[in-house]
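This report describes one protein model for a reader who has not seen it before. Please look over the sequence and the structure first.

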Amino acid sequence: MEFTVKQIATLLGGDVAGNDTLAITKLAKIEEGRPGDISFLSNLKYEPHLYTTQASAVIVDRSFQPRKPVGPALIFVENSYSAFTRLLEEYYQRVSFARVGVEQPAFAGEGAQFGEEVYRGAFSYVGRNCQIGHNVKIYPHAYIGDNVRIGDNTIINTGARILDNCIIGQYCVIHPNVVIGSEGFGFAPQSDGTYKTIPQLGNVILEDFVNIGSNTTIDCATMGSTIIRQGAKLDNLIQIGHNVEIGRNTVIAAQTGISGSTKIGDNCTIAGQVGFAGHLTIANGTKVGAQSGVGKNVTEEGTAINSSPAFGLKESMRSLAVFRRLPELERRLSNLEKKTDN
């Protein structure tokens with residue numbers, strides 16, 4: 001794809017100083033810019049690179065005043081970081097949704113229905129009675145089971161598996177090797193010490209604008225649905241158990257595990273390697289620190305917790321500070337005991 005500096009400035013609502021006819025074909029870091037690239041300057045720590053970069057254009061804040069002559073064209077905007085993010089989004093959309101049509105070999109089962117502008121990559125599989133919306137992109141080696149529904153403008157990346165009866169909303173992104181709808185971890189202990197498998201008959205529902213990171217697994221419900229609400233963002237390598245519900249606009253970092261039937265509220269922030277016990281309720285706006293173990297309900301909205309087992313963030317940080325001082329405190333206590341004995 002190729003755009004002129006002027007076209008990009010128009011998209012971003014910016015003004016150009018310099019040659020606005022230059023062709024832009026790629027986005028790059030300012031320190032790595034080459035002819036044909038566009039970059040941005042937000043953090044003034046990187047200002048020296050502005051005077052040496054080979055990029056054809058750089059996006060800067062309107063308040064910025066160069067201290068030396070610059071080679072690239074400058075696009076002045078209100079907020080250069082936000083503007084470059086907008087440009088990244090536009091580039092991503094154009095690249096991700098550029099493909100249309102069916103590559104061979106690709107399979108579609110009986111009764112499968114497809115909207116307009118759909119892409120199906122080579123070796124992709126779409127099961128029976130599926131409903132695939134407009135502008136959906138299904139990349140090579142993706143697997144879509146029977147009776148699956150996928151909303152408009154959703155991307156299913158290579159190697160992803162969406163199993164039978166699951167529902168995926170609009171504008172979702174499913175990254176490589178995600179598994180959605182696999183059997184939940186349900187086993188009934190028997191009197192002889194063995195375990196009997198409990199059939200998992202439910203499905204998974206992803207609402208609109210949900211992102212699921214690579215190698216994340218979301219188990220189907222035992223009955224009913226495991227639900228990821230609108231706008232939730234899940235990182236790579238996350239385990240979501242059966243009948244879990246994740247609230248709107250909640251973000252969860254890598255290596256988090258959520259046991260079955262736990263309900264996490266809206267707008268929560270879960271750091272990496274957090275573990276949740278089953279059947280918990282976590283209030284809206286909860287923030288959980290990395291490597292925390294959450295074993296009880298969080299009932300007050302906006303609570304920040306930390307540690308394992310997790311408890312109040314401030315109390316946790318004070319406890320950690322004391323813990324680090326334990327050798328010194330032990331030495332002082334020993335000295336006091338010696339003085340007392342004397």
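## Pocket, helix contacts and backbone

Helix α3 gives the largest share of the lining of the largest pocket, namely four residues. The model is a predicted one. The volume of this largest pocket is about 210 Å³. Its lining is made up of 14 residues, and those closest to the centre of the pocket are F3, I8, L11, L87 and E90. Two or more lining residues come from each of the elements α1, β4 (26–27) and α3. Sorted by class, the lining of the largest pocket holds nine nonpolar, two polar and three charged residues.

Helices α1 and α3 also meet each other. On the α1 side the contact involves I8, L11 and L12, and on the α3 side A83, R86, L87 and E90. This contact of α1 with α3 has five nonpolar residues, two charged ones and no polar ones.

By class, the contact of α4 with α5 has five nonpolar residues, one charged residue and no polar residue. The table sets out the geometry of both pairs.

| Helix pair | Axis distance | Angle |
|---|---|---|
| α1 (residues 5–12) and α3 (residues 80–96) | within 10 Å | roughly 110° |
| α4 (residues 313–324) and α5 (residues 326–341) | 5 Å | about 55° |

The axes of α1 and α3 cross at roughly 110°, which makes α1 roughly perpendicular to α3. The angle between α4 and α5 is about 55°, which makes α4 oblique to α5.

At the level of the whole chain, the protein is divided into domain 1 (3–97), domain 2 (101–305) and domain 3 (313–341). Taken over C-alpha atoms, the centres of domain 2 and domain 3 are separated by 46 Å.

Two points in the backbone remain. Most residues other than glycine have a negative phi, and most peptide bonds are trans. The peptide bond from Q104 to P105 is cis, with omega near 0°. P105 is found in the loop between β8 (101–102) and β9 (107–108). N177 is not a glycine, yet its phi is positive, at about 65°. The loop that holds N177 runs between β20 (173–174) and β21 (179–182).

Key
Residues numbered from 1 in each chain as written. Predicted model: local features only at pLDDT ≥ 70, side-chain atom pairs only at ≥ 80, totals over all residues. Heavy atoms only, no water. Axes fitted to C-alpha atoms, helices over the stretch in contact; angles between N-to-C directions. Parallel < 35°, antiparallel > 145°, perpendicular 65-115°, else oblique. Contact = heavy atoms within 4.5 Å. Nonpolar A, V, L, I, M, F, W, Y, C, P; charged D, E, K, R; others polar. 1 Å grid on protein atoms, 1.4 Å probe; cavity = no way out; pocket = protein on both sides within 12 Å on 5 of 7 lines; lining within 4 Å. Points joined across faces, edges and corners; volume = space filled by probe spheres on them. Domains from an automatic or database assignment.
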